[in-house]
Amino acid sequence: MIAKRIIPCLDVRSGRVVKGVNFQGVRDVADPVEMARMYNADGADELVFYDIAASFEGRALFTDILTKVAEEIFIPLTVGGGINTLEDFDRVLKCGADKVSVNSGALRDPGLIPAAARRYGSQCVVLSADVKRVDGQFHVFAKGGREDTGRDALDWIARCVAAGAGEVCLNSIDTDGVRGGFDLELLDAVAARVSVPIIASGGAGKQEDFLELFRHKGIDAGLAAGIFHQKLLSIPQLKAYLAKNGVEMRL
Amino acid sequence: MIAVIDYGVGNLFSLRSSLRHLGLEAAVTADPEVIRAADRVILPGVGAFGDAMEQLERRGLVPVVQAEAARKPLLGICLGMQLLFEESYEYGRHAGLGLVPGRVCPLAPDLADPALKVPQIGWNALELLRPQDPLFRYLRQGEYVYYVHSYYGKDCAASTLAVSEYSIPVTGVVREGWVYGAQFHPEKSGDTGLRILQAFAEL
C-alpha cells in the first residue's frame, strides 16, 4: 500500500535555510544543498523549498540552489514562495521542481490555479494555505501569515481543489513553531471537505505527534522544519518508530 | 547512447539529471535519426494520453518508435508507459502505440477502497511478480517507487512484471519483448529508481 510521507521543509532566505517560530524571529540553520543531501540520505520522501521572503519582497526565486539540488537528488521536489504567475511556474519547473506550491499568488489571482492545472496538470499544483483561528472560525492568511484575508479557510481550500489544485499543504499558524502537535481539528475539517492528498504542516514536536497525525483518516503526509533541522528528531528514527506502530513507511 | 524522446510532453529535467548522475550518455531528442542511432530509447511523458499521441504523430515519431521498439530496449515512463498499450479511455477513446497488449483505464472506478485518493500520489511498494527479470537485477522485493497517476494499464496480465497494491494490484511494470513500461517515475524514486535505470542501461 501507499506509504505516508515524511517531508522536511527548507525555508530559504538569501541562499540559507532559516526557520521561523510563529513566522517571526527567523534563525539561520544551514546550506540548503547540503541539507537536501542529508535528508535524501536519511530517507525523506520529498523535499519542500520555500522562498519565505519572496511574497513580501517580490524577489526572484532561488533557482540556482534548486537546480543544484535537482541535479543530484532524485525524490520529488516542491517549490513555493512568490509564485504569482505561470512564468513563475515555468521558471521553477525548468530548474527541476516537480510540484509548485501557490499561496498568496492564488489569493491575488483566482485564475492562477486553473491556468496552471491546465498547462502542467493538477499533480503539479499544490495549494498551500496558512490558516489561523479568528473568532472561532478558520481564516486564510496571506503574505507569509501576516495578513488576515477574512476568507473562510475551508471554503477557500475546497474552491482551489475544484479549480485544479492536486494537493493541499495545510499550515496551521496557531500550532506552527509551538511543537505541541499538529492541528488535528483543522486537518480533520479539511479532510472532510476535499479528496486530494493533504500534507499537514505546523506543530510537530515529537514522534508521537506524527503517529497521532497518521491515525487520522485522510492525511497523507507530515511536514516539519525546525525539529528536523535542529536534529531534535531524526527521520530514520521517526520512520522506524511509525513503521513499528503500524504506519506504512518507505524504509 | 540512450535517446530520450522529447515531444513536448512533461518535464525532462530529472530524467536527464538522473542519467547523467549514473554516467550514462543520453540525447534528449525528437530527431528520428538520433533515435535510430541510439542503442536504447526512453519514452517519458506527463499529461493526457490523447494530447501526447497527437504530439508524437505531429513529429512523425509513431512509426519511428514502433520500428525501433522491435530492435532495441525501450522504456516508457508514466504516460510514456501508458502510450505503449493498444488504447486508452482517458477523455474519450484513443489508439496507443500497440506495443503491449492491454488498455489504459481510469483508476477510480476500479478501486476496491473508494476512500483511496485519485490520483495516486506517493511512494508505493513494488511487488515483483518476475523478480528474475533483468530490469530488476539490482532490486529487492518490495522496494518503494514514486507514483503520480489517475489511469492505469489493464487487461495486461501476461505482460505484467510488477504491481503495487492500491486496494487492487495496480500495474507497475510491463514488458513485451524489449519493450518495458514503468507506471511510476524511476527518476523520482530515489536510489531504487536509479538502480532500475542502471539495469535498463545494461539490458
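Which residues does A:Ser128 touch, leaving aside those up to four places away in sequence? The views below start there. This is a predicted model, where local features need pLDDT of at least 70, side-chain atom pairs count only at pLDDT 80 or more, and totals for chains, interfaces and linings use all residues. Residues are numbered from 1 along each chain as its sequence is written, chains are lettered from A and ligands numbered from 1 in the order in which they are written, and side-chain values use heavy atoms, with hydrogens and water left out.

**View 1. A:Ser128 and its contacts.** A:Ser128 sits in strand 7 (residues 125-134) of chain A; strands are DSSP runs of E, at least two residues, numbered from the N terminus. A:Ser128 touches A:Tyr50, A:Ser101, A:Val102, A:Asn103 and A:Cys169 (contact means heavy atoms within 4.5 Å). With 4% relative accessibility, A:Ser128 is buried (under 20% relative accessible area, 1.4 Å probe, protein chains only). The side chains of A:Ser128 and A:Tyr50 are joined by a polar contact of 3.2 Å (a pair of N or O atoms within 3.5 Å, one able to donate a hydrogen and the other to accept it; residues adjacent in sequence count only if both atoms are side-chain atoms).

**View 2. Helix 7 of chain A, end to end.** Helices here are DSSP runs of H or I, at least four residues. Buried residues of this helix (residues 153-163) include A:Leu154, A:Trp156, A:Ile157 and A:Val161. After the helix comes A:Gly164, with a positive phi near 130°.

**View 3. B:Gly50 in helix 3 of chain B.** The helix covers residues 49-58, and B:Gly50 is buried at 18% relative accessible area.

Definitions and conventions: Buried < 20%, exposed > 50% of the residue type's maximum accessible area, 1.4 Å probe, protein only.
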